[in-house]
Amino acid sequence: MLFKFKYSTWKPNHSTLRTVIAELEAIHSLTLTHGLSSVRADLGTLNAFLATNPKARAVRTSLIQHLHAHRAELTYLLEYLPAVEPRFRGPATRERARLHHGVTQVRQGQLGDCWLIATLAACENVKPGFTASLIEHSPHINSPHTVHTASVRLHSPWPRTIAVTRWVPRRHRAGDNHLGANNASLVEKAVASLVHSYVRIQFNFAGTALWLLTGTWCPARPVPSDLGVVQEWLASGRPVVASTLVHRRGARRLPREDNPDRWVGVMAGHVYVVCEVLRCDEDGRTDDDAPWRVHVHNPLGGAEGEPRRTDLFLSAAQFKRAFLSINVGPVV
């Protein structure tokens, strides 16, 4: 199996789960009577139990799922239990993801999960609002004692929802164009929750991401010579991503056709979003007399410079030369 789902199939120890929930109920009662400061030590002890006890390992995700569905009045206490969150890189600082309906900006952070983020961006490209449609907001969103939890619909390996808190790492994770925490951050967190770690979701395949997000297995296929085929896929609402070959130098120089002395930078072992097919020059300026080119976007984003690295406008020959394979998803 390409993705390590063994942790997601563990059965929680129900007696341990009941014990943790009972402890949270007692802490909640004390909080209402004496304030949150009076139970900080108890929360610290419970957090240490969840972090170190082998029996509690499978309870971490199940606890959020249970509280989200049945005991929303207790979810505010999850803010003080970092052990239930997937492990992440960088400083132990968090921020709350901003949820919204409609179009979502998707940009990769400093994790090597382009296989997931590029695929999510490709789905958003052909169906604006796709990312928001994966997220079900908490019905208790206006409660003053509720950390805004949400559930993300994934196929892992069967269709189900993964409940997560809206707290995400401040660094490294995905976000909007300015790397602010948003819907994309929560989808990434839901996938990380399956294996209890952000680091574990690095370095996988776009086909796995399409399976997770759409429920359809979409294996890699050769890069087509005819850009009209790519245009038909995109027009029908099918997300398309392109993958480059792993290279020990980490990047390649691809000569431009309008000036051989100039070039574009292509990352090795990376997944790009195939956005559209249009008539334009190699800088993306549209012209009815220009040849057909495919617009390929690097999910890492960033300001464009010389050479171009983020948004590439390639001919069919350049497209085949730069990329090893493509993955085409179902109609979303």
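Modeller: Let me begin with the naming: helices (H or I, at least four residues) and strands (E, at least two) are DSSP runs, numbered from the N terminus. Please keep in mind that this is a predicted model, where local features need pLDDT of at least 70 and side-chain atom pairs count only at pLDDT 80 or more, while totals for chains, interfaces and linings use all residues. Residues are numbered from 1 along each chain as its sequence is written, and side-chain values use heavy atoms, with hydrogens and water left out.

Let us walk along it. The loop between β5 (167-169) and α6 holds L179. L179 is not a glycine, yet has a positive phi of about 60 degrees. Most residues other than glycine have a negative phi, and most peptide bonds are trans. With a relative accessible area of 29%, L179 is partly exposed.

Just after α6 comes H196, with a positive phi of about 65 degrees. Further along, in the loop between α6 and α7 (206-214), lies F203. F203 also has a positive phi of about 65 degrees without being a glycine, and at 69% relative accessibility it counts as exposed.

Now for a neighbour. Axes here are lines fitted to C-alpha atoms, for helices over the stretch in contact, and angles run from 0 to 180 degrees between N-to-C directions. The axes of helix α4 (residues 114-126) and α6 come within 11 Å and cross at roughly 140 degrees. That makes α4 oblique to α6; angles under 35 degrees count as roughly parallel, over 145 as roughly antiparallel, 65 to 115 as roughly perpendicular and the rest as oblique. The crossing of the two is right-handed: a crossing is left-handed if the near helix is turned anticlockwise from the far one by less than a right angle, and right-handed if clockwise. W115, L116, I117 and L120 of α4 touch A184, V187, E188 and V191 of α6, contact meaning heavy atoms within 4.5 Å. An α-helix has 3.6 residues a turn, so residues three or four places apart point the same way.

Helix α1 (residues 14-34) packs with helix α2 (residues 40-52) at an angle of about 165 degrees, their axes 11 Å apart. That makes α1 roughly antiparallel to α2, and their crossing is left-handed. On the α1 side the contact uses T16, V20, E23, L24 and I27, and on the α2 side D42, L43, L46, F49 and L50. α1 also packs with helix α3 (residues 59-70), at about 55 degrees and with the axes 10 Å apart. These two helices are therefore oblique to each other, and they cross in a right-handed way. T16, L17, V20, I21 and L24 of α1 meet V59, S62, L63, H66 and L67 of α3.

Elsewhere in the chain, a search of the whole structure finds two aromatic pairs, meaning rings of Phe, Tyr and Trp (its six-membered ring) with centres within 6.5 Å, where planes under 30 degrees apart count as stacked, over 60 as edge-to-face and the rest as tilted. In one of them, Y272 and F323 have ring centres 5.3 Å apart and planes at 80 degrees, so this pair is edge-to-face. Y272 is buried at 0% relative accessibility, and F323 is buried at 4%.

One last stop: P307, in the loop between β10 (292-297) and β11 (311-314). The peptide bond from E306 to P307 is cis, with omega near 0 degrees.

Notes: Buried means under 20% relative accessible area, exposed over 50%, partly exposed in between (1.4 Å probe, protein chains only).
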